Amino acid sequence: MVDLVITGGSGQVATALAALAPIEGLGVRLLGRPGFDFDRAETLAAVFDPSPAMVVNAAAYTAVDRAETEPEAAGRANTTGPALLAGLCRAHGCKFLHISTDYVFDGAKPAPYRESDAANPTGVYGRSKYEGEVAVMAANPDAIILRTAWVYAATGRNFLLTMLSAARRLPTLRVVADQVGCPTLAADLAAAILRIATAPDWRPGIYHAAGTGQTSWHGFATAILRRAASHGLPCPEILPIATADWPTPAKRPENSRLDCALLESTFGLVLPSWTEGVIRTVDAVMTASSTRPRT
Ligand SMILES: NC(=O)c1ccc[n+]([C@@H]2O[C@H](COP(=O)([O-])OP(=O)(O)OC[C@H]3O[C@@H](n4cnc5c(N)ncnc54)[C@H](OP(=O)(O)O)[C@@H]3O)[C@@H](O)[C@H]2O)c1
């Protein structure tokens with residue numbers, strides 16, 4: 001029997017989880033589009049053929065700005081689809097772990113957010129994810145939801161790779177310095193998910209699970225590019241700017257730091273520091289690019 005089905009095939013978290021789970025001795029089936037697609041509800045049956053012990057839903061509509069003009073697509077992938085999957089897992093007797101976001105909060109709190117703080121998303125993406133949390137828990141009260149933040153990896157679409165690419169082209173980067181959060185390495189979140197999956201007790205509920213520490217996008221960029229400079233990448237000037245100087249379609253929370261104490265007290269889990277994750281990831285990316293054959 002397959003132990004674990006992971007949705008979100010090509011995504012950062014799904015890819016990291018699918019790489020790690022076999023090392024931990026778990027059988028894995030990774031499902032992605034077109035075979036598994038929340039836009040085509042009939043494809044959800046693939047998850048249960050055969051039925052796994054557990055489903056991790058890492059599929060999501062994650063284009064925060066584009067969601068402002070595509071609320072229906074965001075709603076299908078982040079709200080109605082996950083709720084349907086959660087209900088099917090309940091019917092099949094599979095454990096269900098769903099991933100949500102720090103962007104369920106409005107950012108007004110002057111301290112890290114706890115699970116008990118009221119959600120108040122500022123954009124379509126955050127709203128679709130928050131409504132997804134509510135709908136998942138209604139369909140399957142035994143679900144676990146992990147809210148994470150500022151996810152990055154050595155592959156995929158993320159801020160770390162965007163900064164490395166920009167540094168190769170531009171002498172000066174302008175980076176927002178008045179939004180703070182907790183960068184999270186996809187592999188660190190994947191390791192935490194596996195610890196939860198294999199824990200002796202299943203403890204349903206919502207938990208915050210993000211990299212330890214906090215920074216701004218400017219601080220994140222600086223850490224990435226300083227490390228890349230140690231591999232010989234020219235370090236551009238990194239100018240701190242205000243959110244107002246970088247207008248985006250979606251309004252983002254000023255503060256989306258997550259307090260992860262409940263994850264620690266419940267599962268004994270603390271994710272590694274975001275700075276350590278940046279070092280590991282930049283080293284991996286820079287080493288791979290220096291050893292890649294030139295065409
Ligand atoms: N990335 C972040 O900074 C961040 C921050 C906080 C929370 N999260 C949450 O963490 C989870 C994993 O994020 P990630 O960074 O790994 O995302 P990602 O790299 O953007 O991957 C998302 C995956 O979902 C798939 N997907 C999109 N729409 C779908 C649909 N309608 N039906 C089925 N699959 C669909 C994508 O497929 P295609 O490649 O075909 O589009 C992709 O494989 C998500 O729940 C996200 O909301 C992410």
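Author: Let us begin with a proline: Pro34 sits in the loop between strand 2 and strand 3, and please keep in mind throughout that this is a predicted model. The peptide bond that leads from Arg33 to Pro34 is cis, with omega near 5°. The loop between strand 2 and strand 3 also holds Pro50, and a cis peptide bond, with omega about 5°, joins Asp49 to Pro50.

Reader: What makes Pro121 count as buried?

Author: A residue is called buried if 20 or more other C-beta atoms lie within 10 Å of its own. Pro121 has 21 C-beta neighbours inside 10 Å, and therefore it counts as buried. This proline is found in the loop between strand 4 and helix 3, where it touches Tyr103, Val104, Asp106, Gly126, Arg127 and Tyr130, if residues up to four places away in sequence are left out.

Reader: How do you know that Trp150 is buried, and what is its phi value?

Author: The cut-off is again 20 or more C-beta atoms within 10 Å, and Trp150, with 27 such neighbours, counts as buried because it meets that limit. Its phi is near 40°, which is a positive value in a residue other than glycine, and Trp150 is found in the loop between strand 5 and strand 6.

Reader: Why is strand 4 described as largely enclosed by the rest of the structure?

Author: Seven of the seven residues of strand 4 are buried, so the strand is largely enclosed by the rest of the structure. Lys95, Leu97, Ile99 and Thr101 point one way from strand 4, while Phe96, His98 and Ser100 point the other way, and all of them are buried.

Reader: How do you know that strand 4 pairs with strand 3 and with strand 5?

Author: Two strands are said to pair if at least two bridges are found between them. Strand 3 and strand 4 are linked in the parallel sense over four bridges, and Asn57 stands opposite His98 in strand 4. Strand 4 and strand 5, which also run parallel, are joined by five bridges, with Thr101 standing opposite Thr148 in strand 5. The chain passes from strand 4 through helix 3 to strand 5, and this β-α-β crossover is right-handed. Strand 3, helix 2 and strand 4 likewise make a right-handed β-α-β unit.

Reader: What makes strand 2 and strand 10 the edge strands?

Author: The open sheet is formed by six strands in the order 2-1-3-4-5-10, with parallel pairing. Strand 2 and strand 10 are called edge strands, as each pairs on one side only. Neighbouring strands of this sheet are turned by 20° against each other on average, with direction ignored. On the side where strand 2 does pair, four bridges join it to strand 1 in the parallel sense, and Leu4 has Val28 in strand 2 as its bridge partner. Helix 1 lies across strand 1, strand 2, strand 3 and strand 4, and runs at about 155° to strand 1.

Reader: Which residues come nearest to the ligand, and which elements supply at least two residues of the shell around it?

Author: Of the 28 residues around the ligand, Gly11, Gln12, Ala59, Ala60 and Val151 come nearest. Helix 1, helix 2 and strand 4 each supply at least two residues of the shell, which by class has 12 nonpolar, 10 polar and six charged residues.

How values were computed: Residues are numbered from 1 along each chain as its sequence is written. This is a predicted model: local features need pLDDT of at least 70, side-chain atom pairs count only at pLDDT 80 or more; totals for chains, interfaces and linings use all residues. A residue is near a molecule or strand if its C-beta atom, placed from the backbone, lies within 6 Å of it. Ala, Val, Leu, Ile, Met, Phe, Trp, Tyr, Cys and Pro count as nonpolar, Asp, Glu, Lys and Arg as charged, and the others, Gly among them, as polar. A residue is buried if 20 or more other C-beta atoms lie within 10 Å of its own, exposed if 12 or fewer, and partly exposed in between; C-beta atoms are placed from the backbone. Two residues are in contact if their C-beta atoms, placed from the backbone, lie within 7 Å. A crossover is right-handed if, with the strands pointing away from the viewer, the path from the first strand over the helix to the second runs clockwise. Axes are lines fitted to C-alpha atoms, for helices over the stretch in contact, and angles run from 0 to 180 degrees between N-to-C directions.
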